[in-house]
Amino acid sequence: MLKKCDDKLEFSKEENNRYILKLKDIKKAIIFLKEQQGYDFLVDITAIDYLNYKEPYPKRFAIIYLLKDKKFDNLIILKAYLDEDEIIDSITDLFKAANWSEREVWDQYGLKFKNHPNLKRILNHKEFIGHPLRKDYPITKGQLCTKTDDLMDEMTPRLKARGYENHEELMFLNLGPAHPASHGTIRTFVALEGETIVSAVSEIGYLHRGFEKSCENHTYNQIIPYTDRLNYCSAILNNIAFAHTVEGMLGVELPERGQFIRVIIGELSRVIDHLVCLAANLVDMGALTNYWYLYNPRETAYHLLSKLTGARLTNSYMRIGGITHDLYDGFEDDLKECIKDVQKGMDDSLSLIEHNRIFQDRAQNIGVVSADEAINRGWSGPNLRASGVNYDIRKVNPYYFYDTFEFDVALGSVGDVYDRMMVRFEEIRQSIKIITQAMKRLPKGDIRVADHRITLPPKKMVYSTIEGAINQFKLTYEGVKVPTGEYYRSIEAANGELGFYIASDGSGTPYRVKVRPPCFFAMSSLPDMVEGEMVADAVLDLGSLNIIAGELDR
Amino acid sequence: MAVSGEEAIFGDSVITTKLDSAIAWARESSMWPYIFGTACCAIEFMSVASSKFDISRFGAEVVRFSPRQADLLIIAGTISYKQAPILKRIYEQMTEPKWVVSAGACACSGGFYDNYTTLQGVDEIIPVDVYVSGCPPRPEAFLEGLIQIQKLQAKPGKYLQKRVEKEFKGKLDA
């Protein structure tokens, strides 16, 4: 495709639609793809440090861009090699989504971008020295932080752009990181004129837990519990996303029953994720009763999940190439009860708010984001759909038989807080529809792939045959051997496109794992969304985006 | 048994006790927690507060979001190095007698995040009274943590005195 570009680009093509370019040509290629080929969705930007790689690369680092086209079904990966002192052209003028992504690359790898508006650390603290995702940075080398950033370096230019030279009339206020409505640990620093926000800056990274570095230190199956704690409101969807990606690299597909169970439990996770989001959002609005109505069904779901997986919240139910164990006897009845509870809670809550003037006044036309803006910012999932963009990976790139289920994609028309909430209510209904269909069609059979280089052999085999013992030993100590290569795959998680970009060197431990967290891109738009609004609206904006800090900061 | 003093005059309608014990009893049955919830454990705390587990059975449902009004700090979630100074400041803003529960593996020891960004236990920064295990702890475990604090609160005299006298020196105090 890049051949059609007018500026003659030198490139070579690798597997998975990946193009290797010269660093100086990257931006030209992206401009060409965006303006002439319709690739206007920036999925992610990431980097890899090849310092310890088994075979030497021409240069130490690689920068990687992932783009999708207008229909969201074609993914293109651009890659360029560079050394530490080379400077990359920033693409923040093309994609607003690139702003924070490039900052993350700088923070984690120390690669510099030219013409970036504000290239500073994002996940690590201000006093941090070095770049933790470089292979020569020791994983356990922690660095104390003694004071927090005052953020005036970002605030002053923003205020200047709005014509505020003098700050005496303004009041500065921190919303978060320890604030009841900050949903974990997000800090938004605002400048107020009366109660109106004239300028805002968000700071994240307070829950940066080094997920990606930890991945490079564990075998593939050991990473599953870490994925639980990305979006902890729907842990199983993260398990599925990770396992699904690694299975893609291995070139295996789950037996039908396994796939169906993933659909059922995955959709249930989506339901309970949306319930938390809506419950919390309504509490922020002052509608406390809704919290009890919406949160208590989650308790029923917890009961079911702890019976099934042994844990309420962080389930670790998936494995590479399968599922830990099959559904238990009586699962179907429990599930039915759970669905009944969810439906009742939702109906109760909707009867309070659906035609409620106070709710509508509070939520409608607040935090409006247009479709183009949302795409440019890399939004996905319910937030993007609330802005009216029909992008649902379950429909666009169906996996796990999603094309055979009958369900609708809920779309909003305005893109405000109201739409984002109502889309979530509707998605709960649609997910229940999928669960009901999948339960009816649930086939019998195996839930794991039969290859014992990927999944553990049955205990009987381990104790009675030498092959079984070897398989068990190798899998436990060395992990699943994933073929050399780089691969990206994503699923529709509760918050949107949750993808993993994995680079493998053929061993049982990934060489590099990059998560594409849907929250990260939604969060980067918050400062622009809240400007001009009231403080109370800013709280709703944040809640309606469903920012989960574990996934945001990783 | 011969009853003497005020109780002899007024009968069952009056109980005499020490002022300290009366105050401790009142405090014990109405703890005001401040939830320093950062991660997964905070979601589990939502269950503790909601109707099924119902923390108000133990008199601790008045969740305060100002440290100045709270006497129980529940740290629920991972504390990164970036977050540590904020946690310390919040602890310092609380007034005595104050109590700290470190809930969950991450707050207690860093959990399985043994890496460059995670504080290896909040007791490196502030003193902790009760540790609750679990990743995340079940709601019952949170409640058990609260009950343990109530037990300490019932006889705070010596315990508190010891804590106040023993100067705590955390990593950020240097």
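Good morning. The model under discussion is a predicted one. Chain A contains 20 helices and 15 strands. Its radius of gyration is 23 Å, close to the 24 Å that the globule rule gives for 554 residues, so chain A is as compact as a globular protein of that length. Along the principal axes, the C-alpha trace spans about 80 × 60 × 50 Å.

Of the contacts between residues at least 6 apart in sequence, 68% join residues at least 24 apart. The accessible surface of chain A is about 20,400 Å², and carbon and sulfur atoms account for 50% of that surface. As for charge, there are 69 positive and 80 negative side chains, with the centres of the two sets 4 Å apart.

I now come to the aromatic rings. Over all chains, the search finds 33 aromatic pairs. One of them is the tilted pair of Tyr50(A) and Tyr81(A), at 6.1 Å centre to centre and with 55° between the planes. This pair links distant parts of the chain: Tyr50(A) sits in the loop between β3 and β4, Tyr81(A) in strand β5, 31 residues apart. Both Tyr50(A) and Tyr81(A) are buried.

Phe359(A) and Tyr418(A) also form a tilted pair, with 5.8 Å between centres and 50° between planes. Here helix α10, which holds Phe359(A), is linked to helix α14, which holds Tyr418(A), and the two residues are 59 apart. Phe359(A) and Tyr418(A) are each buried.

Finally, ring pairs join Phe260(A), Tyr399(A), Tyr400(A), Phe401(A), Tyr402(A), Phe405(A) and Phe407(A) into a cluster.

Definitions and conventions
Residues numbered from 1 in each chain as written. Chains lettered and ligands numbered in written order. Predicted model: local features only at pLDDT ≥ 70, side-chain atom pairs only at ≥ 80, totals over all residues. Heavy atoms only, no water. Helix = DSSP H or I, 4+ residues; strand = E, 2+ residues; numbered from the N terminus. Rg over C-alpha atoms; globule rule 2.2 N^0.38 Å. Contact = heavy atoms within 4.5 Å. Areas by Shrake-Rupley, 256 points an atom, 1.4 Å probe, with all protein chains shown as cover. Lys, Arg positive; Asp, Glu negative; His and termini not counted. Charge placed at Lys NZ, Arg CZ, Asp CG, Glu CD. Phe/Tyr/Trp six-rings, centres within 6.5 Å; stacked < 30°, edge-to-face > 60°. Buried < 20%, exposed > 50% of the residue type's maximum accessible area, 1.4 Å probe, protein only.
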